[in-house]
Amino acid sequence: MALPIGEWQLCAARRWAALDPALREKLVAASLHDAVRLGCSLLRPEVEAAALQRLCRRVRAGKEPAAARFYREEGNRLFGRRQYGAAVRLYSQAASHELPGSPEVSVCFANRSAALFYLGCFEVCLEDIARAESHGYPERLLPKVLLRRAECLLCMGRLQEAADALSVAENKIAMDGIMTSPTHQTLLEKLSQLKVKIHEKENCPEPAREACGDTQKESEIWEENDSISGASSSLSLSFDTERGRHLVASQDILPGQSLLKEEAFVSVLCPGESRLLQDNSETVWDTRATNADLYCHRCLRQLLVSVPCCGCSYAKYCSQKCADMAWEQYHRTECSLGSLLLTLGVFCHVALRTVLLAGFAEVRRLVEWSHDGDKDLHNPEARDKHLREAADTRAGTRNIPGCNNNGQYQGSYQAVFNLLPHAEKHSPEHKFLCMLSVVAICKQLQEAGLEAAVLNQEPSEKLSKPKTCEKTSGELSPELKTVAEAMLRHVLQLQCNAQAITVMQEAGSGDGAVVKKKPVRLATAFFPVLSLLNHSCWPNISVSFSGTAATVRASQPIPSGQEVLHCYGPHRCRMKVAERQELLRQYFFECRCQACLEELKSDVKSVVAVRNSFCCPSCRAPMQVGEDMLCCSNEACAVSVSRESLSHRLQDLQQQIKSALELLRARKADQAIKMLQKCQMDAGNLLSPEHLLMGEMEDHLAEVYATLGKWQEAARHLQRSIEIVEVHHGPSSVEIGHELFKLAQILFNGFAVSEALSTIQRAEEILSVHCGPQSTQIQELQEMKTCLLELPRSILQRT
């Protein structure tokens, strides 16, 4: 949710409509500086502020022991069913709601350690046992976790440590309870069993494993750019009045070549779907996992177990180190604002975190510097002179906005600040919503006694607990007005410069032999250097992510002098030119890339329109597009069908496919196959053979047959799907790479060795270009290849 929730947007819209017309006109013409100062008095405590407080109460971000009990009991229930992975997640949710240092939170960690032990995650299990002890795990229950520690160490082959841990457990058991109690006897039996196992391993050590070869992959050849941080020396920074700042190839670039490696200046995890409580409603705890449960809120690393924040239930981290760093950098300020930030959306959250990371001194310096720039905007001569200087190639890069005095463009706050906010192009209503939202955040900072933390005036150790103070009159301090102005600038910038950090996430349960993955938006970030790339609906680069770092690679040859172009979302292979142009309006430019110019010509049809067309129900020839009626392109047939009729049939078909997938999830594979085959027959009388939906049905059939272990049938259907995907996206596209990855899994499981090896090789070649040799999918492909090549020669010759 990039923008605030709908109710707050409506509230802001009503406030805007009720303003005096003269004040509205003043706000429309105002600079960011003046807009904040005018807007500070427009957030009325008894109306807008009170409404925002009500909305925030529906978003639960604090510690709630009742929620902790619920999640812990649900975790126990799933643990009893041996669903250990799901139990781990629920114990993590329980721990995030418990008060730090309480015996209850120690029980959450101990229970989670038990589930981790059964999952074979011994190292993490040991960490949770230590957490349970440090949080005051009850003495009467301690022998059980001490024995679990000894067993973990034994399983890891650390025999001396296991023996020492067992000795500690034995002493504790000896001091404990009545010898005749059933629990005591059970512990003694476990202790005896572990002693025997340790003795056996000490006397019969496992044979030493052969030393593995050097598994480190060769690092990519990389020569750093002197002027652009994180960029390859094969790029140069240019500027002109039409395209603004942009990157150009300074030498010939080959497909797969790395062009840019950049760490996000700031990133905020997108929380995913959440169920908002209605006013005065009963609390209903949600056990569904969202991004907020699955990824570290600081480094975006995927979580097996989470370390919860001590102050809120929302922020979760991969380690105590990440939790401490987040607290020092920004979370000490954000912690008590969780509900407000979740209500106002990710863009407001990114804006606040940006100024916190930059530090108030740098924020104030650049805000004051921008006020001179605002004067230039109203002075045509000064503005034109500035643009001419920036475009003058003889001046190098020194005059390009965002560059420092040495002409270097770095991934700094200065570069972020110089990203265009397009303040004059946003609608007045949108600017007012953004202004009201950042003012609300700054007023909350002031009222919660967090102003000193924002202004970096007090060390973190004095801020472990938010200060309480008298409620202010509502007027922001001059310093917080400066912060609000910077935040407003960043919120407006994000509409054009926000970069989605995406990951390939497993679709479905992930417990099948074939892992189906889809790209998912994980976070929203500012990448100052990546933001230099202009858009094209037919780009020449691919972007991949690892945590908070982005890597840009050439996806096709880029000759020297050609601009390096990124796709902002609308792609020629996925949508028609009219749809692309509509989506691109949010960036305040009209796309004139080669793909758009070709399709805008009257005699050139969209690739998507041609391939995703209807066919004649009588002769199956393509239907010609009309306003309300579609006519058969075969003159001998001349059948006409209303567009509405065909659209209804297509919707019915999509609903049937959805029902077939529900049957698959309900483990009714035979029924799912019959329904999908019927859908294929119906689609054959409606859609062109190259329609993407035809490919999707083949893909679904492959998935069903794979669940039944019918690998040959699954491969046959997936190969048909790949043919259609290739027609749409091209033989070297990342989409083809993902499809070939699935086919490799199917052929691997079906023991089709030679076909699997050739498919793996092709998938590797494509995915290496788009995702790099270190990507997870490449590593999985190489593991499959190694396994196949280690088979006996006699088997390889037969397959």
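The model is predicted, and local features are reported at pLDDT of at least 70, with side-chain atom pairs counted only at pLDDT 80 or more, whereas totals for chains, interfaces and linings use all residues. Residues are numbered from 1 along each chain as its sequence is written, and side-chain values use heavy atoms, leaving out hydrogens and water.

**The sheet**

Begin by selecting β4, β8 and β7, which in that order make up an open, antiparallel sheet of 3 strands; strands here are DSSP runs of E with at least two residues, helices are runs of H or I with at least four, both numbered from the N terminus, and two strands count as paired if DSSP finds at least two bridges between them. Colour β4 (266–269) and β7 (499–506) as the edges, since each pairs on one side only. On average, neighbouring strands of this sheet are turned by 40° against each other, direction ignored, where axes are lines fitted to C-alpha atoms, for helices over the stretch in contact, and angles between N-to-C directions run from 0 to 180 degrees.

Next, zoom in on β4 and β8 (residues 517–526), which run antiparallel and are joined by 4 bridges. Here Val268 stands opposite Thr524 in β8.

**The largest cavity**

A cavity is a set of points on a 1 Å grid over the protein atoms alone where a 1.4 Å probe fits but cannot get out, and its lining residues have an atom within 4 Å of a point. Grid points are joined across faces, edges and corners, and a volume is the space filled by probe spheres set on the points. By this rule there are 4 cavities of 30 Å³ or more.

The largest has a volume of about 160 Å³. Select Tyr314, His331, Glu334, His349 and Arg353, the closest to its centre of the 17 lining residues. At least two lining residues come from each of β4, α13 (320–334), α14 (338–344) and α15.

**The second largest cavity**

Move on to the second largest cavity, with a volume of about 130 Å³. Among its 13 lining residues, select Leu27, Ala35, Lys431, Phe432 and Met435, which lie closest to the centre. Finally, show α19, which gives the most to this lining, with 4 residues.

Notes: On a 1 Å grid over the protein atoms alone, a cavity is a set of points where a 1.4 Å probe fits but cannot get out, and a pocket is an open set with protein on both sides within 12 Å along at least five of seven lines; lining residues have an atom within 4 Å of a point.
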